[in-house]
Structures are given as structure tokens and as C-alpha cells.
Amino acid sequence: MAALAACVALGLAACGAKEEKLRFNSLDLTGASYAQSWAMPDASGQMRTLADFAGKVVFVFFGYAQCPDVCPVTMVEMAQVKEQLGQDAKRLQIVFVTVDPERDTPEIMREYLGNFDPDAVPLIGTPEQVAAMAKDFKVTYQKVPGADENSYTINHTAAGYVYDTQGRLRLYVRYGTPVEQVVADVRQLLKSAPK
């Protein structure tokens with residue numbers, strides 16, 4: 001009887017040792033088979049891939065510098081996320097993929113992102129590279145004509161994608177998700193990172 005009790009106790013201890021399934025505020029994409037491998041030039045022309053940010057949680061967002069609302073709001077919120085992370089802020093990398101490579105020059109993108117997060121990495125590809133990367137992420141974007149040929153806007157997917165420290169796509173962060181919820185999600189990913 002004592003042996004049975006010991007086995008049961010050991011069994012329960014083993015169960016407790018299993019990795020607990022994380023519960024996120026954002027949409028859990030764990031196991032998704034898309035957006036696994038990408039490459040795009042940054043503002044210096046250097047080709048960047050997910051491997052460049054190994055060991056960090058990575059937030060990837062598609063937008064453009066002349067966006068009137070969604071992009072600046074998202075970047076302000078991500079700056080607030082980093083601020084609330086305190087010392088862990090350096091473990092969160094923001095990557096901004098422009099869907100407007102015609103107007104978003106390297107200088108414009110550096111200045112734009114510098115207003116929110118000087119460590120954010122802008123990716124500026126050719127129209128073909130942007131289209132390929134957007135397709136891989138299932139992101140949509142479409143030019144909307146303005147009063148003249150340079151005053152167009154771009155309708156685009158208004159959400160961010162989060163990778164864990166091992167480069168696995170984990171979360172889809174909808175536009176308007178409260179900052180505190182994003183912070184909690186990032187903290188969970190950082191806490192569950194391999195030591």
C-alpha cells in the first residue's frame with residue numbers, strides 16, 4: 001500500500017513538472033506553419049532575418065510612415081510596452097515592415113521609428129519583396145488614391161505578430177489590445193524562455 005502511495009505521489013509530481021500551457025491575451029498562433037522564414041533589407045541595406053534577433057521576443061508590424069492613425073498609435077503603444085517592461089525592454093525587438101517602399105526611404109523610416117523606439121528596425125524592400133513577405137504573413141494592403149498621385153493612403157492589416165525567443169511565431173496582437181495585456185503576454189514569453 002505504501003509503495004502504491006509512493007508511485008501515485010511520484011506520478012503527480014511528474015505531472016506537475018510538465019510545461020504548463022500558456023494562456024495569452026492575444027490570439028495564440030503557436031504551431032502556425034506560416035511566416036517562418038523571411039528576409040528583407042533594413043534601412044542600411046543589410047538583409048535581415050529572424051535569426052538576427054535570436055534570444056529576443058520579436059514584434060513584427062506592417063505599416064507605413066504616412067499612416068494617419070493605426071501605425072503611430074501602434075508604435076506609441078509598443079513604446080509603452082517597452083517602458084513597462086523595465087529592464088526587460090532590451091529583450092523585446094520591434095520590427096516595422098513598410099508597405100509603402102515608394103515613399104518610405106531609409107532616412108524617413110529611421111526618423112519615423114526614432115520618434116517611438118530608437119532600437120526599432122525598419123525593413124524596406126522592393127515592392128516585390130514586400131508583397132512576398134506580406135503574403136507569407138497573410139497580411140493584406142491596398143493603395144487608396146488621394147487628391148494627387150503622392151497623397152495616397154494604404155489600407156493594411158492592423159495587427160502585430162509576436163515571435164518567442166526561439167524564433168517561433170506565437171501571437172497575433174489585434175489593433176487596440178490594451179498595453180497591459182501585451183506586456184503580460186511578452187512577460188510570459190520571456191519567463192518561459194529557455195535558460
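User: What makes a pair of cysteines a disulfide, and how many disulfides does the structure hold?
Analyst: A disulfide is a pair of cysteine sulfur atoms within 2.5 Å. The structure, a predicted model, holds zero disulfides. Local features need pLDDT of at least 70, side-chain atom pairs count only at pLDDT 80 or more, and totals for chains, interfaces and linings use all residues. Residues are numbered from 1 along each chain as its sequence is written, and side-chain values use heavy atoms, with hydrogens and water left out.

User: Why is C67 called buried?
Analyst: Buried means under 20% relative accessible area, exposed over 50%, and partly exposed in between, with a 1.4 Å probe and protein chains only. C67 has 8% relative accessibility and therefore counts as buried. C71, at 0%, is therefore buried also.

User: How many cavities of 30 Å³ or more does the structure hold?
Analyst: There is one. A cavity is a set of points, on a 1 Å grid over the protein atoms alone, where a 1.4 Å probe fits but cannot get out; lining residues have an atom within 4 Å of a point. The largest cavity has a volume of about 100 Å³, volume being the space filled by probe spheres set on the points.

User: Which residues lie nearest the centre of the largest cavity?
Analyst: Of its 14 lining residues, F59, T74, E77, V173 and R174 lie nearest the centre.

Key. 1 Å grid on protein atoms, 1.4 Å probe; cavity = no way out; pocket = protein on both sides within 12 Å on 5 of 7 lines; lining within 4 Å.
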